[in-house]
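Thanks for making time this morning. I would like to walk you through one structure, and I will start once it is on the screen.

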Amino acid sequence: MIKIYRDVLSEELIQSLFEWNEKTKGGDVWASNQAKWLDVLKYATTGTILSRVLPDNFRNDIISNLYSRGKIDWMPTTTSALFYMGFPNSCVNWHPDFPDYDAMSIYLNKDWDSNWGGWFAYTEEYNWVDGDVRPGHGKFVVPKYNMSIMSTEKEWHCTTPISPFAHPRLSIQLFFSKKT
């Protein structure tokens, strides 16, 4: 099930995350979709999405914020947290996430123009064509500041291409153990 939440993290935590990224963004800390992702996730894009693993203290603070703000009602036993920067022309192809984990995207751009793309799209109905999923219709959500989208049932989803005129699209991607 897709769940959308607003006001998911405290302003202090978001500011602290941006300050950490500014101080530590140099050096060998970034991975790229073009270098690391499976082809099925990137074949329709020429753009780049950079990611970096968030340190344990941020990962733990994010999960605590989600719990204390009522966005999740359990404390996951395992969690991974990544900071993403999606650049113009990047997208993520249709895919489901891991069956054993819930996934959540938290959007961090204060001013995101809906014409810039980068929308989260999802579908419950799809067709297989030549070994690939081809949805006939679906729903989409325009990224908004401090909003999250949570996927709990391995839903098919993607992100639409980001406009060549857009700022980098900033987000946190979480994967965490399901409620038991």
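When I speak of helices and strands, I mean DSSP runs numbered from the N terminus, with helices being H or I of at least four residues and strands being E of at least two. With that convention, lysine 154 is placed in the loop between β11 (148-151) and β12 (156-159). Please keep in mind that this is a predicted model, in which local features need pLDDT of at least 70 and side-chain atom pairs count only at pLDDT 80 or more, while totals for chains, interfaces and linings use all residues. Residues are numbered from 1 along each chain as its sequence is written, and side-chain values use heavy atoms, with hydrogens and water left out.

Let me stay with the backbone for a moment. Most residues other than glycine have a negative phi. Lysine 154, although not a glycine, has a positive phi of about 60°, and asparagine 89, in the loop between β4 and β5 (92-95), also has a positive phi, near 75°. On exposure, I call a residue buried under 20% relative accessible area, exposed over 50%, and partly exposed in between, with a 1.4 Å probe and protein chains only. Lysine 154 is partly exposed at 42%, and asparagine 89 is partly exposed at 37%.

Now to the aromatic side chains, where rings of Phe, Tyr and Trp (its six-membered ring) pair if their centres lie within 6.5 Å, with planes under 30 degrees apart counted as stacked, over 60 as edge-to-face and the rest as tilted. How many aromatic pairs does that rule give? The count comes to nine. One of them joins tryptophan 30 and phenylalanine 83, whose ring centres are 6.3 Å apart with the planes at 55°, so this pair is tilted. Because tryptophan 30 lies in the loop between α1 (11-24) and β2 (31-32) and phenylalanine 83 in strand β4 (residues 79-86), the pair ties together parts that are 53 residues apart in sequence. Tryptophan 30 is partly exposed at 22%, whereas phenylalanine 83 is buried at 1%.

Tryptophan 119 and phenylalanine 140 form a stacked pair, 4.4 Å centre to centre with 15° between the planes. This pair, too, links distant parts of the chain, with tryptophan 119 in the loop between β6 (101-107) and β7 (120-123) and phenylalanine 140 in strand β10 (residues 139-141), 21 residues apart. Ring pairs also link Phe98, Tyr101 and Phe175 into a cluster.

Returning to tryptophan 30, the charged end of arginine 52 sits over its ring, 5.2 Å from the centre; the rule here asks for NZ of Lys or CZ of Arg within 6 Å of the ring centre and within 35 degrees of the ring normal. The C-alpha atom of arginine 52 is separated by 8.7 Å from that of alanine 81, 29 residues apart along the chain, and alanine 81 is in strand β4, where it is buried with a relative accessible area of 3%.

Finally, the cysteines. Taking a disulfide as a pair of cysteine sulfur atoms within 2.5 Å, the structure holds zero disulfides. Cysteine 91 is buried at 6%, and cysteine 158 is buried at 9%.
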